[in-house]
Amino acid sequence: MPPKAPKGEYIETDTGNKISRRSQIHGTQHIILGGKTVIQADAVIRGDLYRSSSSSSSSTNPSTTSTSDPSASAPSAPTPSVAITIGRYSYISRQAILRPPSRLHRGVYSFYPLKIGDHVFVGERAVVEAATVGNHVHIGKEAVIGSMAILKDFAYVLDGAVVAPGMVVPSWCVVGGAPARIVGEVGEGYGVEGAEGGLARERYRVVGR
Amino acid sequence: MSRPFPYAYISCPCANTPVPDPSKKRRSRESPQKSNPDQPKPLLPIDDEDEQTFDPRSPRANFSLYPPEQLLYCEDCHQIKCPRCITEEIVCWYCPNCLFETPSSMVRSEGNRCARNCFNCPSCTAPLAVNTLENVVTGGTSQQGPWVLSCGYCMWSTLDIGIKFDKPTNIRTQLSKMTEATPVRSRQMSRTFGELKSPLSTYSSIDEQFPPPGETKPAEDSPDQPNIPLNPDARFNALKNFYKNQISATSSSPTDPLGMDFGSGFSSPGALNRIMSLYTSSSRLSSLYGGANKKPKTRPPVMREALTASEGLKVPAPDAEDAVIQRIAGPDCGWDGLASLEQRSFQSPDVRFVEDLLPLPVLLRTKRSKRCKSCKHILVKPELKPQSTRFRIRLIALSYIPLPTLRPLNPSPHATSAVPAGSTATTTTTTTTTNLDALSPLRPVQLLLTLKNHMFDPVRVTLATPSVTPGRVASKVTILCPQFDIGANSDVWDEALQGAAAPTASTTSTSTSTTATTTAAATAAAAAAATDPRGSRSGGLGMYEKVAEAGKVWDKGRNWTTVVLEVVPGTLPGGVRRQQQQQQLQKPKKPSVVRGFDLDNTNTNTNTKSDSDSDNDSDSDSSGDVPALDWSGQASDPRQQLQPDEDVLEIPVFVRMEWDSENQIDNEHAVGRPSADTVKRELAYWMVLGVGRIGRVL
């Protein structure tokens, strides 16, 4: 990567994240990016919707991989709880929305962390409110992942699918439709580097050039 | 799942061998040649079969084209294996919702549905969540309310059918208890639902209480209470049990000579025996199947049908239909009260109304291992645990065949200026990216085809393509460098240590005739490639500042090679018809053969619009291997409409790869031979490159 281009479209962090200047990231101190993650323009990442109650004790290593802007003030919590975690080589397309899941639990409405694994692709205008998104997951464009849904590794969400809240998509399964159902399985070679499902590095490489 | 352009599909060779004949399998494609040097080459018979170009539009092509990641590779047959040439075996059953494994014995006894808390919404099929109704926080422990299943998608809940659960666990048993036993619902409210409760269902199991055939309970046989129906499950069990008993009663005890025709049951081999004997009266088969059939045919004892409700017979009430109709017509039902066909298809057949819908326990899914159909070797064996994504064995085709990727070569302004006489290229400079969803007809497009080798041996690849794509929309295709090498997928460190020693044994044998339907341009380009095999390794040039040259690979890396395809999309029928008609008026049609591609002129882009018509003529004339339609009669073609997806530009490419592989265990007997450590291998298949969609306008 050449030395910082003066005013490129993307900000590249130390860990190699490429974040569009036109993306809307709220609550950066509650977001952990694993590195080499691409966030495109107009993507909305709601790190401000973190779990406010003190019962969450899972705020882990915020130091090394955190992209939290040093200039951003960390006002309230001494140990900021993590709202959104994104792994390596994940790709958030334009106008996608990542929002931590929420639910009413014991009379209290609270947010839960959203964990996104490695090599995940989130398509354009997709809305992700999942609890967990595994590795190598593909979320098609304009798909909606309902609150507290779980997408296991190598799950494939077709374009425009509406994954119902709380749904679990097992590994290697293809879901589609509204509400989403399991409509098939991806082949065994899915996720092999360079083939379908394994294009994350290539996707990352071409961004911002 | 259709893919966005560009894509590459690979045709499994099994489509060419329709009969699963092991000898035929061996004949095809791949052969370790060292084993039979004196015999005629086993590759020979496929030559005539390969004379015909693979047509991606033929109806059969649908059944052989697969995306590369779906294909497997059998190391024993040395053959690509598609989902049609494998068999599957279930490794484990699991619920896709809770991801718990269900033992197969339980699947057999209880059916393939999750026995836990997993349900699907009967109204919209989304998964149901267990929710509490009351959220009373009383001290430390809270929320002891009744529980319901509710759908987060359509807001359906079991309250709609009047069901609440006492505890949040074991919903399935609670539900089945409710639907069978408890009189929660009024009968006149929902007749079919009320029928679910029956006096019989208080029995723990129908099977135990079932009366022996012939002796019926008088209480239920009596006509004055004809419908004490069972719920559907119990009725099914009753019927099943009844017929089982009927069979065992009417068929033989072993001492009974009369029942021999039935064997021990209908599903037993004896039944097959009986069926076979219906058609073959000859003595050959009956001697084959034992002497039982030689006995004089006797009339089998007559089985009776189920007669009573306890046997599973259901006699609907005489006014049942009327009641349903009246209810449908009633004011409180309406359209929304009726269950849709889709909803009913998952419910018991009696369900007609929305308020009869029951939550559906989630269907289980399976993990399956896969075997080669011809040699029974295991190709894929996943880990047993449902959650695991790993495989114990996974022989995917991508590890063996080069992975094709296609992308358009977008000419930079610099490059297009270098194209001589690029009359059409001037416009492409304005549009920097090629729109693959609307390729302009007759305007050449250059595409980069990258083949990436995943084997540890260097591979030499020969590509061949028909000069004109089959079908009515004839696009011209040239592979500028149809023969090239791909380096081995060696360790990155190996290459670093070796320095500049490139992993190519350069093209020594150009005599390898390109199979099938290579165009003249392609073969000559191959010869050109042989003379200068590595001339086009990218120097310090930028990626897109080069100009594609015939006979040279575009770019090359450790284990991949990129070549350039030049495509001139054809015109759609009726697409540019008006212009052509005008041109036909202006100039006489040339019947002479005009080669679409010339060797010296790699830039065939100089075809202007005016001679496109003659080009089409010439292509159908010159390429005899393509079952071309009569393009000269295009204007008078009655079928001017485009067939669905006829405008998709798909290029069939024949790939033939050769490599020297390490000798494997199956060649142990050939130890004494000097060249025993490497075996020349060869694999050939068709692939289809989906380039894009041809637009209507020029």
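Analyst: Start with two terms. Strands are DSSP runs of E with at least two residues, helices are DSSP runs of H or I with at least four residues, and both are numbered from the N terminus. Two strands pair if DSSP finds at least two bridges between them. In general, strands of a sheet pair through backbone hydrogen bonds, in a parallel or an antiparallel sense.

This is a predicted model: local features need pLDDT of at least 70, side-chain atom pairs count only at pLDDT 80 or more, and totals for chains, interfaces and linings use all residues. Residues are numbered from 1 along each chain as its sequence is written, while chains are lettered from A and ligands numbered from 1 in the order in which they are written.

Begin with strand β22 of chain B, residues 560-568. Eight of its nine residues are buried, so β22(B) is largely enclosed by the rest of the structure. Buried means that 20 or more other C-beta atoms, placed from the backbone, lie within 10 Å of the residue's own.

Now its partners. Strand β17 of chain B, residues 445-452, runs antiparallel to β22(B) and is joined to it by eight bridges. There, B:Lys452 has B:Trp560 as its bridge partner. Strand β19 of chain B, residues 476-479, also runs antiparallel to β22(B), with four bridges. Here B:Thr478 stands opposite B:Glu566. B:Lys556 is bridged to B:Thr561 in β22(B). With three residues between them, β21(B) and β22(B) form a hairpin.

Another strand of chain B is β5, residues 86-94. Eight bridges tie β5(B) to strand β13, residues 365-372, in the antiparallel sense. B:Glu89 finds its bridge partner in B:Ser369. Strand β6 of chain B, residues 101-102, pairs antiparallel with β5(B) over two bridges.

The chain has 698 residues, and 37% of them count as buried. Of its contacts with a separation of 6 or more, 68% are between residues 24 or more positions apart. A contact means that the C-beta atoms of two residues, placed from the backbone, lie within 7 Å.

Chain A has an open sheet of six strands. The order is β3-β6-β9-β14-β17-β20, and the pairing is parallel. At the edges stand β3 (24-26) and β20 (162-163) of chain A, each with a single partner strand, so one side of each has no neighbour in the sheet. Inside chain A, β14 (residues 127-128) and β17 (residues 144-145) run parallel, joined by two bridges. A:Val127 has A:Val144 of β17(A) as its bridge partner.

The chains also meet. Chain B gives 29 residues to the contact, and chain A gives 27. The side of chain B that touches chain A has 17 nonpolar, eight polar and four charged residues.

One caution on chain A. Its mean pLDDT is 84, and 84% of its residues reach 70 or more; pLDDT is the predictor's confidence in each residue, from 0 to 100. Over residues 54-77 of chain A, though, pLDDT stays under 50. Where pLDDT is low, the predicted coordinates should not be read in detail.

Technical notes: Ala, Val, Leu, Ile, Met, Phe, Trp, Tyr, Cys and Pro count as nonpolar, Asp, Glu, Lys and Arg as charged, and the others, Gly among them, as polar. A residue is buried if 20 or more other C-beta atoms lie within 10 Å of its own, exposed if 12 or fewer, and partly exposed in between; C-beta atoms are placed from the backbone.
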